[in-house]
Every structure is written in structure tokens, then in C-alpha cells.
Amino acid sequence: VLTALDRLEAGATEFYFHPAVARTDGLEKAAPGYDRLGELAALTSRDVAAKMRALGLKTCGFRDIGLG
């Protein structure tokens, strides 16, 4: 995520995640090997938050940018 943030171009960018707080048989069956816990860690990372602040980025929904 940190590398992707450094490569953003001007405009809106969507990051698509499927985080989870625990591994379950159902989630593993739906997407074997998918790193949902790693995605949660990235989304809650202080380093990611600091990088976003440093780059002047903010999170928002589609409605916030006129797309929903």
C-alpha cells in the first residue's frame, strides 16, 4: 500500500480491499490464500495513515466526489 500511495496520479483512486479480523473456513473456501488479515493490517497501519497525511490524501466515498 505504501508503494502504491507513492505512485498515485492526480484524481480519484479506488483501493479495493476485503479485510477480516479472523480467518474462517468459509472465507478460505471463497478465496483460498487471500490475505484478509494482512489487508486489515494495511488499512489500520499508522505508517499508511502517516503517508496519506504527508501526501495530502484523504479517504472518502463515491458520494463525496460526485460518483455515487
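Gly 11 lies in the loop between helix H1 and helix H2 (25-30), where helices (H or I, at least four residues) are DSSP runs numbered from the N terminus. The model is a predicted one, in which local features need pLDDT of at least 70 and side-chain atom pairs count only at pLDDT 80 or more, while totals for chains, interfaces and linings use all residues. Residues are numbered from 1 along each chain as its sequence is written, and side-chain values use heavy atoms, with hydrogens and water left out.

**The loop glycine**

- Gly 11 counts as exposed because its relative accessibility is 65%, given that exposed means over 50% relative accessible area, buried under 20%, and partly exposed in between (1.4 Å probe, protein chains only).
- Although Gly 11 and Ile 65 stand 54 residues apart along the chain, their C-alpha atoms are separated by 10.0 Å.

**The largest pocket**

- The largest pocket holds about 660 Å³ of space; on a 1 Å grid over the protein atoms alone, a pocket is an open set of points with protein on both sides within 12 Å along at least five of seven lines, and lining residues have an atom within 4 Å of a point.
- Of the 24 residues that line this pocket, the closest to its centre are Thr 13, Phe 15, Lys 58, Thr 59 and Cys 60.
- Helix H3 (36-43) and helix H4 (46-55) each supply at least two residues of the pocket lining, and the largest share, three residues, comes from H4.
- By class, the pocket lining divides into 16 nonpolar, six polar and two charged residues, where Ala, Val, Leu, Ile, Met, Phe, Trp, Tyr, Cys and Pro count as nonpolar, Asp, Glu, Lys and Arg as charged, and the others, Gly among them, as polar.

**The cavity**

- The structure holds one cavity of 30 Å³ or more, a cavity being a set of grid points where a 1.4 Å probe fits but cannot get out.
- The largest cavity has a volume of about 70 Å³, and the residues that line it include Ala 20, Leu 27, Glu 28, Tyr 34 and Arg 36.
- The lining of the largest cavity is made up of five nonpolar, one polar and three charged residues.

**Charged side chains**

- Side chains of opposite charge can pair when their charged atoms come close.
- The count comes to one salt bridge, defined as a side-chain nitrogen of Lys or Arg within 4 Å of a carboxyl oxygen of Asp or Glu.
- In a salt bridge, the side chains of Lys 51 and Asp 6 meet at 3.1 Å, N to O.
- Because Lys 51 lies in helix H4 and Asp 6 in helix H1 (residues 2-6), the pair ties together parts that are 45 residues apart in sequence.
- Lys 51 counts as partly exposed at 25% relative accessibility, and Asp 6 counts as partly exposed at 49%.
- Glu 39, found in helix H3, is buried yet has no salt bridge, and the nearest side chain of opposite charge, that of Arg 36, is 6.8 Å away.
- The side chain of Glu 39 does reach the backbone nitrogen of His 18, at 2.7 Å.

Definitions and conventions
Points joined across faces, edges and corners; volume = space filled by probe spheres on them. Lys, Arg positive; Asp, Glu negative; His and termini not counted. Polar contact = N/O pair within 3.5 Å; in protein donor to acceptor, adjacent residues only side chain to side chain.
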